[in-house]
Amino acid sequence: MLAETHKQRPDHILIAEKLAARLIAQGKPEDALSAARATLEHHPRNSDALNLLGTCLWESIELGDAINAYEAALTETPNHLHALQNLASLHFETHDFIAAQEYAERARTAHPSDQRILNTLARTYLARGQLADGWDLGEHPDCLDRAPARSWIDPDKDWWGKDLDGETLRIRPEQGIGDELRFATCFPDAIAEAGTCIIECDPRLAPAFRRTFPEAEIKPQPLDQRGTNSAPDFDFDVECLAGSLPRRYRRSSDAFPESPVILQTDPALNAKWRARLDDLGPTFKIGLCWRSNVIGSTRMRRFFYTHLDDWKEVYDIEGVSIVNLFPGDASAELSALKDRLGVSLHQWDDLDLREDVEDVLSLVHELDLVISVQAAVWAFAGAVGKDSIVLLNPNVLLGHDHVPWFPSLEPITSMWSKPWPEVSRDIAERVRNRMARKTPGMR
């Protein structure tokens, strides 16, 4: 219906915007771009039409033309909210953080309470290593990323800006399991400052947290119980979200510990997975996670995640065994890989890579190397101190040349600027270097 209406009224900008949004959601950016161009013919100097063109060009990966379209929108309307926001976001996604910050600050001046602008600016500050500014702005009541989560906190017990002085602190989880592990690197700081520290967490992490942080009270909290202000069945003085801890304890680059606390795995499960890996023979054991379960949901994820065929350079290394670490149903992909390349990734029918987190942590602990994209697996590997090669978005580095949360990870960001075959060869060479350093008798 929208398409037919647009044919009849190609000059109607609102209809064009709705049609383009629907086509983009359906994975048809070229059709969206055609619709935007048809509307622009009727309004060649209209800032909304130019902004729509820029968005459709961006979705079609015509980035230079997208920037030109957004700039043209600003020529007509210098403080156009969406053009400013889109320019800030586009430059952020392409890692020109200086330009992203310039547009985001310009947008904030004109639109000081816009959620998306505050969110983009906070992320940009963090990406450039301006940590105090980034964490502080991220806590702004209107910031898109934190506004819903902040509403969970009882304003009478909101902890910020004061010494705990022996009080009982409740730390509440937010975001995904990988984020919980990142923020857990701040738990020792909070435990040392609080009189009592009560940490709520994903139930799958509770056993490891109890082993690692015995001074704290660990309380599992299922996902469906988050996001409420209902009173818990325990007493506490103040509370905060786990994602708020860096604001207090990681306000500068040198505030990250060189040797963070390593998540303690289960010794019995370690032995179990060591034995299973030994059964694969005297090879170099590599765990591979090539994508996440949310592939395709955003432009960045479409750029960033890989296909199993992309790792042929690693498969071809003599003396390696590749273990599947993807936490989802990859049966069709694995079958296709075996048919096309004759390669099989090792996996075990009694291991649920999504739910059996205790086993996964021990499996990761016993591997020789983990290779992962930016999914929960990279946080598992970093949390247990495992040597890993991780394809990361540069903004995760927080202005560093390494991963400040998890020093055992070796970040690879060149996939954004180099052809994949070149990146793949580089990763394979890094694997060979590690194999050469491994002691004789490699299991």
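Is Gln85 buried or exposed? In this predicted model, Gln85 has a relative accessible area of 2%; the cut-off for a buried residue is under 20%, so Gln85 counts as buried. Gln85 belongs to helix H6, which covers residues 81-93. Leaving aside residues up to four places away in sequence, Gln85 touches Arg116, Ile117 and Thr120.

Elsewhere in the chain, a sheet comes into view. Strands of a sheet pair through backbone hydrogen bonds, either parallel or antiparallel. Here the pairing is parallel, and the five strands of this open sheet are arranged in the order S6-S5-S7-S8-S9. Strand S6 (320-324) and strand S9 (409-412) form the edges, each pairing on one side only. From one strand to the next, the twist averages 20°.

Strand S7, residues 369-372, and strand S8, residues 388-391, are joined in the parallel sense over three bridges. For Ile371, the bridge partner in S8 is Ile389. The sheet also has a helix packed on it: helix H21, spanning residues 420-437, touches strand S5 (284-289) as well as S6, S7, S8 and S9. The direction of helix H21 makes about 170° with that of S8.

How values were computed. Residues are numbered from 1 along each chain as its sequence is written. This is a predicted model: local features need pLDDT of at least 70, side-chain atom pairs count only at pLDDT 80 or more; totals for chains, interfaces and linings use all residues. Side-chain values use heavy atoms; hydrogens and water are left out. Helices (H or I, at least four residues) and strands (E, at least two) are DSSP runs, numbered from the N terminus. Buried means under 20% relative accessible area, exposed over 50%, partly exposed in between (1.4 Å probe, protein chains only). Contact means heavy atoms within 4.5 Å. Two strands pair if DSSP finds at least two bridges between them. Axes are lines fitted to C-alpha atoms, for helices over the stretch in contact, and angles run from 0 to 180 degrees between N-to-C directions.
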